[in-house]
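Visitor: I am new to this structure and would like a close look at just one part of what is on show. Please pick one and take me through it slowly.

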Amino acid sequence: MNIIVCLKQVPSRESILRVNADGTWVDEQDLSWEINEPDVYALEEALRLKERFGGEVIICSVGPARVQQAIREAFAKGADRGIHLNDPAFERLDAYNTARVIAEAIKGESYDLILTGLQSDDFGFAQTGVILAELLGIPHTTIVMEIHILDGKVKVKRELEAGWFQWIELPLPAVLTIQSGINHPRYATLKGIMGAKKKPIRTLGRDDLHLGEALLNLQQVEKVYIPQKTKETQLLEGSPEEVAAQLVEKLKHEAKVI
Amino acid sequence: MVTSASEWGTVNSGQLNFDLGKEKEFLRQNIREFVERECPREYVRELDEKEEYPERVWKKLAEYGFLQIPIEERYGGVGGDIVDMVIVTEELARRSGAIGLVFFMSSCFGAKTLSVGGTEEQKRKYLPQLAEGKIRFAISLTEPDGGTDVAGAMKTRAVERGDHFVVNGQKVWTTAAKESDYLILFARTNERSQKRIDGISVFLVDSKSPGISMRKLEKIGIRATPSYEVFYDNVRVPKENLIGERDKGMYQMFPMLNNERILTAALCLGEAQAAFEDALTYAKERYAFERPIGQFQAIQHKLSWMRTKVELARLITYKAAWLQSLGRDCAIEANMAKLVAANFACEVADMGMQILGGYCYSREYDMQRYWRDCRLHKVGPVSDEMVLNFIGEKLGLPRSY
């Protein structure tokens with residue numbers, strides 16, 4: 001069973017984020033980076049499936065040179081090889097164009113499953129996996145909590161709202177977007193870390209892919225800003241009777257809800 | 001530093017490098033995640049309270065391959081270097097000195113003793129099992145009459161009888177003796193040797209052998225790795241369990257000493273870092289006179305000192321480990337690292353106690369545990385005074401003891 005895992009490298013949770021000069025994203029200088037959290041769970045799920053069914057786990061990641069670190073970290077945990085999509089033209093792509101690049105890059109690969117995290121911790125579009133499936137013309141499902149491989153099919157448990165779950169079956173190959181918490185991701189061992197540098201990464205740029213139309217974003221971030229404080233909390237003081245009277249007064253005249 | 005003329009101009013900042021490198025940083029990140037998940041604070045407190053060996057963590061360290069680090073690849077390990085061991089020890093000790101010591105003992109005493117002195121057969125038999133966490137070793141060296149003067153005080157005897165040795169004597173401070181499968185025992189095998197350091201041999205003794213009894217010592221710190229008095233009463237040890245050359249046992253210890261000093265420093269680093277972090281959190285959250293106490297210089301300056309001391313101790317510890325990993329002489333640096341790290345850890349933990357005010361005396365806070373734990377390292381496994389003696393000797397001064 002060959003599995004492609006799409007990993008995204010995002011600013012680490014400990015990073016102090018600053019809005020960049022043109023106000024359209026965070027300043028990436030001096031940030032530390034990590035693998036997007038839901039993608040870590042997707043990777044773990046892929047490694048477990050590989051342990052049961054054999055095959056290989058291929059990492060696919062779009063981004064500048066720093067992204068190689070994320071791919072190597074996945075190698076240290078047990079992934080076999082990587083595809084690194086690196087080109088100035090791939091920077092700040094929207095979900096549709098990111099999916100286009102990935103779809104083109106994995107065209108020659110034979111795979112049974114593509115796993116991605118449910119969404120990224122930075123933009124949080126939750127779109128790349130879904131659009132990728134559409135572009136590849138294969139089925140997909142999202143918010144996956146459990147995976148069972150059947151003969152030529154996959155049965156998955158999906159998380160719905162309000163504590164509800166849904167079981168569905170899809171024919172393979174398919175794209176699944178994985179929810180955080182589906183498993184306990186493993187630690188990389190020193191043996192894995194030492195072996196990671198020997199595993200191959202294929203780096204592809206725009207000229208290596210047959211993308212056809214130019215990569216024009218359909219979606220753009222106009223403005224990023226720190227939320228402005230607009231609410232004010234008032235503390236009412238006094239005996240319960242006095243506070244209740246004050247509260248009624250405020251609900252009547254300030255909030256105008258009674 | 002001696003630099004030849006041709007090197008002038010080629011020395012640039014690129015050759016002085018404090019980066020650990022991506023691989024070692026990633027190892028640190030992984031062991032940190034391990035600690036967060038497998039060693040929760042409540043669990044560590046309970047171990048300390050009950051003087052209970054961290055069995056669960058040992059199994060997990062084995063399961064995730066951390067015990068393979070100090071062992072060569074051909075014996076089932078991964079052949080990590082001393083810097084890797086420092087990273088793991090430091091991060092484990094950042095949660096619990098006792099858990100750090102568990103890894104320390106396995107990597108330093110177990111793996112190193114066998115790697116240095118063991119026969120090929122012994123290495124093949126024991127090292128793969130150690131790498132998988134199936135067996136544990138404790139070191140049975142110190143005696144009631146002498147720790148620093150261990151050779152002079154050694155009364156435990158091993159007498160040859162046919163195909164085995166018979167051991168009689170008493171040891172003290174054998175840490176995790178009861179929780180280990182084998183005791184690495186130092187015993188006198190020759191009464192007539194001219195130098196006290198000669199005539200001592202090292203044996204691998206099955207800790208369940210008939211004639212061995214143990215008494216737990218009540219300790220004030222590092223309580224989750226209990227220490228014992230071990231009594232040897234006519235204990236039979238097969239001859240094939242002799243490690244290294246007979247009568248030359250003490251010499252086998254010397255190659256271990258730098259590693260022991262460096263890893264002790266790593267334990268101190270972890271404990272000091274923990275004390276600093278807890279104190280910093282407390283200083284931000286605790287209010288007095290309507291402001292966080294971290295705003296007061298009396299507190300802030302302490303925290304600045306604490307962070308500085310941890311950093312200084314870390315610099316010399318990693319420098320010593322780096323030298324050792326390259327096979328370069330690091331006797332002075334290794335001893336300095338243990339000296340500085342142990343003293344700074346005690347100072348940092350003591351400042352942490354002061355910052356916590358009355359709560360430093362509560363067992364519900366971890367600060368008192370760091371404070372109790374790190375005090376060990378000024379005396380064990382080697383005293384500050386002995387370390388100063390070693391450094392003095394390295395300066396070309398006459399031996400003082």
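Guide: A residue counts as buried when its relative accessible area is under 20%, as exposed when that is over 50%, and as partly exposed in between, using a 1.4 Å probe and protein chains only. By that rule, 45% of the 258 residues of chain A are buried, and chain A is the part we will look at. This is a predicted model, in which local features need pLDDT of at least 70 and side-chain atom pairs count only at pLDDT 80 or more, while totals for chains, interfaces and linings use all residues. Residues are numbered from 1 along each chain as its sequence is written, chains are lettered from A and ligands numbered from 1 in written order, and side-chain values use heavy atoms, leaving out hydrogens and water.

Let us begin with the fold. Chain A holds six helices and eleven strands (DSSP runs, with H or I over at least four residues for helices and E over at least two for strands). Its radius of gyration, taken over C-alpha atoms, is 23 Å, well over the 18 Å that the globule rule (2.2 Å times the number of residues to the power 0.38) gives for 258 residues, so chain A is more spread out than a compact globule. Along its principal axes, the C-alpha trace of chain A spans about 70 × 45 × 40 Å.

Inside chain A, take the contacts (heavy atoms within 4.5 Å) between residues at least 6 apart in sequence: 69% of them join residues at least 24 apart.

The accessible surface of chain A is about 14300 Å², and carbon and sulfur atoms account for 50% of it (Shrake-Rupley method, 1.4 Å probe). As for charge, chain A carries 30 positive and 38 negative side chains, with the centres of the two sets 4 Å apart. Lys and Arg are the positive ones here and Asp and Glu the negative ones, with His and the chain ends not counted; each charge is placed at NZ of Lys, CZ of Arg, CG of Asp or CD of Glu.

Chain A also has a partner, chain B. Their contact takes 14 residues from chain A and 19 residues from chain B. The area buried between the two chains is about 1500 Å², with 63% given by carbon and sulfur atoms (accessible area lost on putting the two parts together, 1.4 Å probe, summed over both). On the chain B side, Glu23(B), Phe26(B) and Arg37(B) lose the most area to chain A, together 40% of what that side buries.
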